[in-house]
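Visitor: I would like a close look at one part of this model. Please take me through its salt bridges.

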Amino acid sequence: MRLLKTLALLSLLALLTAPPLCAQVTFGASGEEGEPFRRQAWRVPSPDTGIAAHALLFRPAGAGPFRLAVIAHASTQNVLRRAQMPQPEYRPLAAYLVARGFAVLVPERLGHGATGGRYVEDQGGCDEADYARSGRATAEEIRLALDHLRKQDFIRKEDAVVIGHSAGGWGALALADADPKAIAAIAVFAPGRGGHANDEPNRICAPHTLRGAAAEFGKAARIPVTWLVATNDSYFAPAFSKSLADAFRGGGGKVDFRILPAVGSEGHWMIETEAGVKAAGSDLARALNQARPMATKKP
């Protein structure tokens, strides 16, 4: 009897000290299609194997296969603001892309909103910001989402495009070293990190470090980048944005840099509005329709 009691206690102790079982993570559609543009909730892989990133998918009518466009959203170093972020949609931009035959995925990255989890793209403090590491972490999140969608029957395996906004654009620059057969073009709207330091317009944390990281990304770049910024952007003003683009180009990246008219009261958010998408329309069309580059290797 004593032996049985001892075995029972050991079994109970094992149960109490065992690591919790994680719910199985599943990917793919997680809701019905709706309006507009067949809007549908999806779950896609993230760098945390225990967390599926929330995403929205928009697509044209029909079975496809469609070219894929992935939109990488902006971010913030503020923990509370990240936690309270609504699911990014970029609906005017998604409408523009669907009208041109694209399926559009808008994934929500780790550390944001409903996806939650650890903020893997944290750049660190202002003075010691590690912008290169941060950008590569964002790029990996974009890549995981893109690769998952490319496996779907309704998506073409080649000629995807990535459109990044602010921190999402910064990650898209780090992704420019990807296979040009898979990603034909990248378009970025005011890419960068560390803007509005201490919530002050036109103040950037460690701008020299940001330029250095842009040059580093340019060294490995294989995909052409269309770089757009509004005249009234107070996060990464046109003059500073041009210096970043020049650094990326100096490293070896191919860049088409364009300054757009002022949109709204703060041009940094232009791509979230119909007016902003309209202002960027011709430059976006040029980026989307350019011939696919030949794959090259950096020396």
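How far apart along helix H7 are Asp-246 and Arg-249?

Guide: This is a predicted model. Asp-246 and Arg-249 sit three residues apart in helix H7, which spans residues 238–251. That puts about one helical turn between them. An α-helix has 3.6 residues a turn, so residues three or four places apart point the same way. The two side chains form a salt bridge, with the closest N and O atoms 2.8 Å apart. How open is this pair? Asp-246 has 32% relative accessibility, so the residue counts as partly exposed. Arg-249, at 34%, is partly exposed too.

Now take Asp-256 and Arg-258. Their closest N and O atoms lie 2.9 Å apart, and they form a salt bridge. Asp-256 is partly exposed, with a relative accessible area of 24%. The cut-off for buried is under 20%, so Asp-256 does not count as buried. Arg-258 is partly exposed at 32%. Elsewhere, salt bridges with shared partners join four residues into one network: Glu-140, Arg-143, Asp-147 and Arg-150.

Next, Arg-203 and Glu-200. Their side chains meet in a salt bridge at 3.6 Å, N to O. The cut-off is within 4 Å, so this pair counts. Arg-203 is partly exposed, with 34% relative accessibility. Glu-200 is partly exposed as well, at 38%.

These pairs belong to a wider set. A search of the whole structure finds 20 salt bridges.

Notes: Residues are numbered from 1 along each chain as its sequence is written. This is a predicted model: local features need pLDDT of at least 70, side-chain atom pairs count only at pLDDT 80 or more; totals for chains, interfaces and linings use all residues. Side-chain values use heavy atoms; hydrogens and water are left out. Buried means under 20% relative accessible area, exposed over 50%, partly exposed in between (1.4 Å probe, protein chains only). Helices (H or I, at least four residues) and strands (E, at least two) are DSSP runs, numbered from the N terminus.
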